[in-house]
Amino acid sequence: MRFDELGLAPELLRAISEQGYTDPTPIQAQAIPIVLAGNDLMGGAQTGTGKTAAFTLPLLQRILPFASPSPSPARHPVRVLMLAPTRELAIQVFESVKTYSKYIPIRSLCTYGGVDIKPQIAEIRLGVEVLVATPGRLLDLVEQKCLNFGSVQALVLDEADRMLDMGFVPDVTRIINLLPQQRQSLLFSATFSEEIKKLADKMLKSPVLIE
Ligand code: AMP
């Protein structure tokens with residue numbers, strides 16, 4: 001299987017080939033068609049499997065019809081929300097979003113705690129389609145009233161097992177409750193405990209399971 005057989009847009013294929021990748025990893029080959037079709041997904045995957053591109057590529061394609069070169073913030077509402085448990089992981093996901101969205105006029109931002117919130121607020125006000133965040137800082141930003149989730153069409157919960165270990169389930173639950181009911185949701189976890197399954201029940205609708 002090659003990347004150009006997955007139905008991805010030319011803008012994405014160009015960014016992929018610039019990375020030197022020709023063949024999708026197994027999780028990418030499985031997940032990309034499922035996510036492109038708009039399904040919810042529960043993925044069992046560790047880091048190093050290529051899971052970041054497995055969700056980033058198809059979600060970028062899902063928002064491609066809304067991409068706009070307009071400078072107006074109103075034309076760049078938050079459409080995809082990606083949650084990661086730590087600053088390091090959030091930055092990794094963000095790098096991937098940057099890499100693959102290189103030829104698409106969408107804006108992305110990474111927000112995490114432990115740094116000044118003001119520059120993050122200023123950037124959000126300019127308009128951001130893909131927001132990668134750690135849960136605590138995202139809720140801080142919600143309290144600052146600079147975020148509107150009305151246009152969110154997809155949520156990704158990456159490394160859900162680590163979110164659980166770090167005590168983020170209440171924060172994640174609060175965030176989920178702020179999002180539109182009608183949305184696509186993806187959950188990735190290296191392990192599937194009972195608690196992960198409970199979280200998945202709250203968050204996903206008839207998910208396709210891949211491992
Ligand atoms: P991840 O599991 O998402 O953290 O990705 C692990 C590493 O694999 C990253 O350094 C990616 O840049 C790289 N990678 C992702 N997709 C591919 C691919 N299709 N072919 C080769 N390397 C890839």
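Which elements do the buried residues of α2 pack against? They pack against β1 (41-44), α3 (51-63), β6 (184-189) and β7 (208-210), where packing rests on contact, meaning heavy atoms within 4.5 Å.

Before going further, some ground rules. This is a predicted model, with local features needing pLDDT of at least 70 and side-chain atom pairs counting only at pLDDT 80 or more, while totals for chains, interfaces and linings use all residues. Residues are numbered from 1 along each chain as its sequence is written, and side-chain values use heavy atoms, with hydrogens and water left out.

**The chain as a whole**

The chain has nine helices and seven strands. These are DSSP runs numbered from the N terminus (helices are H or I, at least four residues; strands are E, at least two). With 211 residues, a compact globule would have a radius of gyration near 17 Å, and the chain's 16 Å agrees with that. The radius is taken over C-alpha atoms, and the globule rule is 2.2 Å times the number of residues to the power 0.38. Along its principal axes, the C-alpha trace spans about 45 × 45 × 30 Å.

Of the 211 residues, 53% count as buried. Here buried means under 20% relative accessible area, exposed means over 50%, and partly exposed is in between (1.4 Å probe, protein chains only). The chain exposes about 9600 Å², with carbon and sulfur atoms supplying 50% of it. Those areas come from the Shrake-Rupley method with a 1.4 Å probe; for residues, only the protein chains shown count as cover. As for contacts with a separation of 6 or more, 72% are between residues 24 or more positions apart.

**Back to α2**

Helix α2 covers residues 26-36, and its buried residues are Ile27, Gln28, Ala31, Ile32, Ile34, Val35 and Leu36. An α-helix has 3.6 residues a turn, so residues three or four places apart point the same way. After α2 comes Gly38, which has a positive phi near 90°.

**Around the ligand**

Gln28 turns up again here: the ligand is surrounded by Phe3, Tyr21, Asp23, Pro24, Thr25, Gln28, Thr47, Gly48, Thr49, Gly50, Lys51 and Thr52. The shell divides into three nonpolar, seven polar and two charged residues. In that scheme Ala, Val, Leu, Ile, Met, Phe, Trp, Tyr, Cys and Pro are nonpolar, Asp, Glu, Lys and Arg are charged, and the others, Gly among them, are polar.

| Residue | Protein atom | Ligand atom | Distance |
|---|---|---|---|
| Asp23 | polar backbone atom | nitrogen | 2.9 Å |
| Gly50 | backbone N or O | oxygen | 2.7 Å |
| Thr52 | polar side-chain atom | oxygen | 2.5 Å |

Taken alone, the ligand exposes 500 Å², and the protein buries 65% of that.

Start with Thr191, in the loop between β6 and α9 (194-203). Thr191 is partly exposed, at 43% relative accessible area. Leaving aside neighbours within four places in sequence, Thr191 is in contact with Asp161 and Ile196. The side chains of Thr191 and Asp161 are joined by a polar contact of 3.2 Å. That term means a pair of N or O atoms within 3.5 Å; within protein, one must be able to donate a hydrogen and the other to accept it, and residues adjacent in sequence count only if both atoms are side-chain atoms. Thr191 and Lys118 are 73 residues apart along the chain, and their C-alpha atoms are separated by 36 Å.

Buried or exposed: which is Ser101? With a relative accessible area of 7%, Ser101 is buried, even though Ser101 lies in the loop between α4 (87-100) and β3 (108-111). Beyond its neighbours within four places in sequence, Ser101 touches Leu60 and Ile106.

Ile121 sits in helix α5 (residues 118-125) and counts as buried at 9% relative accessibility. Its contacts, again leaving aside neighbours within four places in sequence, are Leu141, Gln144 and Cys146.

Two residues other than glycine have positive phi values. Lys145 has a phi of about 60°, lies in the loop between α6 (135-143) and β5 (154-157), and is exposed at 72%. Ser206 has a phi near 35°, is found in the loop between α9 and β7, and counts as exposed at 67% relative accessibility.

Definitions and conventions:
A residue is near a molecule or strand if one of its heavy atoms lies within 4 Å of it.
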